[in-house]
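Please consult the sequence and the structure shown below while reading.

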Amino acid sequence: MNAKFKTVALSAVMMAGLMAAGAVSAQTVGGGATLPEPLYDALLPSGVGNTDYTYTGTGSGAGKKAFLANNPQATAGSEFRNESLAARPIWPTTQSVHFAGSDSALTSAEKNSYNNDNFLGTTSAPKTRLQGWGPLIQVPSVGAAVLVPYKSSTTSGVTNLDLSDAKMCAVFSQKTGGRTWGEVLGSNDNTPVQVVYRTDGSGTTELLSRYLVAACPGSGFVVSNSFAAVVAGALPSGTTLASTGWFGVNGNGGMSSSFGTAGRIGYLSPDPAYNPSNNTVVAKVNGFLPVAASIKTALGSQSLPLGGASNDPLAWVPAYIKPPVSGSGASYPIFGTTNLLINQCYANATAQNNVVAFLGNLYSSSLVGTHGFVDLPDGTNGTNDWKTAIITTFLDPSSSLGIGNTNVCNGIGRP
């Protein structure tokens, strides 16, 4: 850890601790992406008996919706719950949502609605969320590879699967070259390839879709957190997702538990059951396994949002650029970041302190790697220093974009 980052990170955490000491105890409520949920539960901590934070894994789409509406019940069936109690009761609509996790990046439409729509106030005195709650902040939390778990057909029994871009395109579009295990492996095995896919609004699906769009130009894939939308234009004419014979699951847990059946292949966020270096359960893509070093380098090549660009929350999520298949820069190609949505201003001092403390812990914790994620680039090996830029921009209250900046947050803030 470089000295500048260490000093700022520790200062942020100490500041939060000192402020929190005099505050009334209250829970800081968040939820959303299931991909980083085990990491967040360990860092916060969230769970039965832990009363400072509570984080509910609902999927990225539901998480964003709940945060932007400040309503833990914004998505029916994917409500935020009080995870500190064993019964996990749903939070009432009066409970504020203080932060959200999402692998699916904030869109321009979502940002513009937050900044410009008269969502708060009264008919006679309309007010936007920007005016009432303060600026929206989006930051990358950690880097993550999307793994391709598989269990080949009994006939093939392959334990060293390596898929080229072309094979990945064919498998996920059910086109020639990816319909059977024989087509994938160049054999006579007629066992159908059964793709396992997420049925929920999934940021992991969105990360996969960005790769498919880049790897399969003209194939009809689109970027979306809905798998049905991703593949709708790529499947053969007359084929629907329902007619593919593929297998739909809910959540990362549903995906992780699906490979006891032979003939399946899918996509998965980091999971303790799937070591990214184990080619017997995780496929290579273009000859590469999803190891941390190459992903950190790829993320570090993305330019930081400096100057005026730093005011745009959309600019703080590193853009996806597909690595080359071979030569300089070649690496595992399915990756991205999981992100956090927070506010610059909080009316609740305890919530603000807890959010700052959480971020300070996140960007200095050794738990990131042990949970299968990738630390944000820190300026080593010639990469752009995303980690320190986030700390100095958002966790220093004297920064113009710093959480709790008194010049910005004068009388306003998320409840």
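## Helix 14 and the segment after it

Helix 14 spans residues 386-394, and eight of its nine residues are buried, so this helix is largely enclosed by the rest of the structure. The buried residues are W386, K387, T388, A389, I390, I391, T393 and F394. Here buried means a relative accessible area under 20% and exposed means over 50%, with partly exposed in between, using a 1.4 Å probe and protein chains only. Helices (H or I, at least four residues) and strands (E, at least two) are DSSP runs, numbered from the N terminus.

The model is predicted: local features need pLDDT of at least 70, side-chain atom pairs count only at pLDDT 80 or more, and totals for chains, interfaces and linings use all residues. Residues are numbered from 1 along each chain as its sequence is written, and side-chain values use heavy atoms, with hydrogens and water left out.

N407 lies in the segment after helix 14. This residue is exposed, with a relative accessible area of 69%. The C-alpha atoms of N407 and V148 are 47 Å apart, while 259 residues separate the two along the chain.

## Helix 3

In helix 3 (residues 60-69), seven of the ten residues are buried, so this helix too is largely enclosed by the rest of the structure. Its buried residues are S60, A62, G63, K64, A66, F67 and L68. After helix 3 comes N70, which has a positive phi near 50 degrees.

Five strands make up an open sheet in the order 2-1-3-13-6, with mixed pairing. Strand 2 (53-57) and strand 6 (136-145) are at the edges; each has a single partner strand, so one side of each is left without a neighbour in the sheet. From one strand to the next, the twist averages 20 degrees. Angles run from 0 to 180 degrees between N-to-C directions, and axes are lines fitted to C-alpha atoms, for helices over the stretch in contact. Two strands count as paired if DSSP finds at least two bridges between them. Strands of a sheet pair through backbone hydrogen bonds, either parallel or antiparallel.

Strand 13 (residues 335-343) is joined to strand 6 by nine bridges, and the two run antiparallel. Within this pair, V142 stands opposite T338, and A144 has G336 as its bridge partner. Strand 13 also pairs with strand 3 in the antiparallel sense, over three bridges; here S102 has N339 as its bridge partner. Nine of the nine residues of strand 13 are buried, so this strand is largely enclosed by the rest of the structure. Helix 12 (residues 349-362) lies across strand 1 (28-32), strand 2, strand 3 (99-102), strand 6 and strand 13, at about 155 degrees to strand 13.

## T28 in strand 1

T28 belongs to strand 1 and is buried, with a relative accessible area of 0%. Its side chain makes a polar contact of 2.8 Å with the side chain of N354. A polar contact is a pair of N or O atoms within 3.5 Å; within protein, one must be able to donate a hydrogen and the other to accept it, and residues adjacent in sequence count only if both atoms are side-chain atoms. Not counting residues up to four places away in sequence, T28 touches D52, Y53, T54, H98, F99, T350, A351, N354 and V355, where contact means heavy atoms within 4.5 Å.

Another open sheet has four strands in the order 7-11-9-10, and its pairing is mixed. Strand 7 (150-151) and strand 10 (247-249) stand at its edges with a single partner strand each, so one side of each is left without a neighbour in the sheet. Two bridges join strand 7 to strand 11 in an antiparallel arrangement, and K151 has R264 of strand 11 as its bridge partner.

S269 sits in the loop between strand 11 (264-265) and strand 12 (284-285). S269 is buried, with a relative accessible area of 0%. A polar contact of 2.5 Å links its side chain to that of N252. Not counting residues up to four places away in sequence, S269 touches L35, A145, T204 and N252.
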